[in-house]
Amino acid sequence: MRQTIFISHANPQDNDFTVWLASRLQLMGYNVWCDVEGLIGGEKHWEVIDNEIRENAVKFILVVSKDICIKPGQLKEGIAKEFALAESVAIKLNNDFIIPLKIDTDAPYDYFIGLNRYNHVKFHENWAKGLKDLISKLEKDQVEKISPQDNKILNAWYANQFTTKYGLKLKKEKYFTNLWPIDEIWDKIEIYQYESATIATEVQSENHILPVIRHGNTLATFGNAVTGITRPSPIGKIDIKSNNKILVNTQDILDKSYSSLSFPTLLDCENILKRLLTRSFHLLARSKGMYWYELASKRNCYYFPIGRRDKVVFSYSGKKKTKNLIGKFKINDTKTGYWHFGITTQVLLYPVVSFSLKSHILFSDDGVNIWLDKSKLHSARRKKGRNWFNEEWRDQLLAIINSLKNIDGKIEIKLNEECTIDMPDTPLTLFSPMGYDEPVNKSRLNVFDEESKEGFTISNNTELV
């Protein structure tokens, strides 16, 4: 009985994607066969491959990237043999046996003869979306799943990648999280209610230095941050003192002890606090000359244009380090652009009040304006990011945090005229009694989707203590 999903791919160039895909299909209960060194072990034998495709495969998945061809129109020998056999099996089965997965924009739908006869699942724009579409196809074609205890490939991959080669060890180790803690905060939030959203908008437009956020006809601040209209306004001068003002203790929000059946409810207050802190970070980034680019998630990604903070010097483990936040990037054989390291922020109130920082790599032609083509960005991120490992991501994050320091060496966020908070120059660190050895073989495993949900993660394991 045919139960195996066979994955054909360029080895080793597309091993990253293949391991990612195989592990997820296995976790969903499908039986998967692929040849990735370290995934199942052993050498590649054509007799085994022939038998898998001819006798066991229910689907033949072809990972379509620019690396499957020696040159446009000419498949690599191993992939050509697998595809030719799959086509003969497809004729016998008379169904959608072959499913191409497009993972590179550089691999067109007619990359080689016969490819354009098949419907392609689009992974080159977003891996998570591509996986969702592939699963829908497998379910529609009623591809059977196996029992969890038969997930031999996934178990072998886990053992080979982590337990066997890079096993956990009993050693105290320091870890950096992605949480940038906010150790102090103003004790009250002031909420002003105006007669109309127009008035609230007009007042907000006069406040560019301190954090002020608007919701409908309501403005919220950390106190003493709202000023009246100072320029001629079509709606006249506004006296903010004549409007309704609500005071909410910040600690009551964090303790969840605040209670109200009318506006603002506890949920309203939590959202207001998060938005105020988000606005505070935005004002800090803007004051340091950072630009921002809106991602597909609608979240701003902050980065430096060329000439602002190309290099950052910071201290790590008692030593000085220098990192580039911008660099040249070879787009193709004739064109060179720039890469920019950037971060997005999400405010967390629990487990600690903090900015959850997520790292990104952006690209531009001129060192300023980020590409608008999302698929082009995704492809470039894979190309650039595949050579960055824990240490590099850690140092980039430390560098961009330290780039926000003022001339006194402090990172200061102004909440109102009376309160300026000092931010640390490192994210939150943790210590674990267990550690692991970094892989000697730097074969990249991209197991997280670019637009995955932000939150609390432990990453960038760095040093023994």
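Reply: At 55% relative accessibility, proline 433 counts as exposed, because exposed means over 50%. The model is a predicted one. Proline 433 is found in strand S23, residues 429-436, and its C-alpha atom is separated by 6.3 Å from that of leucine 170, 263 residues apart along the chain.

Me: Why is threonine 221 called buried?

Reply: Its relative accessible area is 0%. Buried means under 20%, and therefore threonine 221 is buried. Threonine 221 belongs to strand S12, residues 218-221.

Me: What makes the pair of threonine 221 and glycine 223 a polar contact?

Reply: A polar atom of the side chain of threonine 221 lies 2.8 Å from the backbone nitrogen of glycine 223. A polar contact requires N or O atoms within 3.5 Å, so the pair meets that distance limit.

Me: Why does histidine 120 count as buried?

Reply: The relative accessibility of histidine 120 is 14%. The limit for buried is under 20%, so histidine 120 counts as buried. Histidine 120 is placed in the loop between strand S6 (98-102) and strand S7 (121-122). Its side chain reaches the backbone oxygen of leucine 115 at 3.2 Å and the backbone oxygen of tyrosine 118 at 3.5 Å.

Me: Why is aspartate 422 called partly exposed?

Reply: Aspartate 422 has a relative accessible area of 37%. Aspartate 422 is in strand S22, residues 419-423, and together with Asp183, Glu184, Asp408 and Glu412 forms a negative surface patch.

Me: What makes that patch negative?

Reply: The patch is formed by Asp183, Glu184, Asp408, Glu412 and Asp422. Asp and Glu count as negative, and therefore the patch is called negative.

Me: Why is phi of lysine 256 worth a remark?

Reply: Phi of lysine 256 is near 60°, a positive value in a residue other than glycine. Most residues other than glycine have a negative phi. Phi of lysine 298 is also positive, near 75°.

Key: Residues are numbered from 1 along each chain as its sequence is written. This is a predicted model: local features need pLDDT of at least 70, side-chain atom pairs count only at pLDDT 80 or more; totals for chains, interfaces and linings use all residues. Side-chain values use heavy atoms; hydrogens and water are left out. Patches are made of residues with over 30% relative accessible area and no salt bridge: like charges are joined within 9 Å, nonpolar side chains (Val, Leu, Ile, Met, Phe, Trp, Tyr) within 5 Å. Accessible areas come from the Shrake-Rupley method with a 1.4 Å probe; for residues, only the protein chains shown count as cover. A salt bridge is a side-chain nitrogen of Lys or Arg within 4 Å of a carboxyl oxygen of Asp or Glu. The place of a charge is taken as NZ of Lys, CZ of Arg, CG of Asp or CD of Glu. Helices (H or I, at least four residues) and strands (E, at least two) are DSSP runs, numbered from the N terminus. Buried means under 20% relative accessible area, exposed over 50%, partly exposed in between (1.4 Å probe, protein chains only). A polar contact is a pair of N or O atoms within 3.5 Å; within protein, one must be able to donate a hydrogen and the other to accept it, and residues adjacent in sequence count only if both atoms are side-chain atoms.
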